[in-house]
Amino acid sequence: MARKIPSRYSSQQSIISNNYSKIALFGGTFILGIGVGIGITSNASFNPQNVVSREVIDKSAPNPELCVQYGASAIVTDMRIFLSLNPFSVYATQPQMQPGCVLRRSNMTLLEQKRLISGEQVRDCKNRMNTFGFVGSLESKPSINCIYPNDAAGNLFLNPQGSTSSRSEGENF
């Protein structure tokens, strides 16, 4: 003989089952909304017009293997500033952005070995605690400059206000 469940118990079970269904539906909608939102707002593309990662910069650098092994790839900005004194005004040209490479101080002699710079240029640059940076392929007359690190302002992206972290040894050139 089958036992009959009271109707009050059956209606409570139906309400509880109904609540779980609503929670699951709202949860699924919430997760789907987050996924759609991320998909819409994420505009990461890897074309040359949009530099979004270190890998894109590394691949664009002149002599990328040498650059990554002996230094760091860089974005080089060439810009001129004109300053007039009477009347006092400051004018700037449009910056020209191009891929480049910064060598570590310990690897500066690579350019001398390739006969792109002289030993005197290496000594002069080293004496001022500088290093070399270049634009263009090393095989086809690159533009090479003695450059110095400018850490006066610091990197506010890596060291937010109030942060006590310092640069690691690997970041020093």
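**Burial.** I looked up burial, and 17% of the 173 residues in the chain are buried. Buried means under 20% relative accessible area, exposed over 50%, and partly exposed in between (1.4 Å probe, protein chains only). I noted that this is a predicted model, where local features need pLDDT of at least 70, side-chain atom pairs count only at pLDDT 80 or more, and totals for chains, interfaces and linings use all residues. Residues are numbered from 1 along each chain as its sequence is written, and side-chain values use heavy atoms, with hydrogens and water left out.

**Layout.** I found five helices and six strands, in the order α-α-α-β-β-β-β-α-α-β-β along the sequence. Helices (H or I, at least four residues) and strands (E, at least two) are DSSP runs, numbered from the N terminus.

**Disulfides.** How many disulfides did I find? The count comes to two, taking a disulfide as a pair of cysteine sulfur atoms within 2.5 Å. A handy reminder: a disulfide is a covalent bond between the sulfur atoms of two cysteines.

I checked Cys 67 and Cys 101, which are joined with S to S at 2.2 Å. Cys 67 sits in helix H3 (residues 64-70) and Cys 101 in strand S4 (residues 96-103), so this pair ties together parts 34 residues apart in sequence. Cys 67 is buried at 0% relative accessibility, and Cys 101 is buried at 1%.

Next I turned to Cys 125 and Cys 146, whose sulfur atoms are 2.1 Å apart. Cys 125 belongs to helix H5 (residues 119-127) and Cys 146 to strand S6 (residues 143-147), so the link ties together parts 21 residues apart in sequence. Buried or partly exposed, what is Cys 146? At 30% relative accessibility, Cys 146 is partly exposed, while Cys 125 is buried at 1%.
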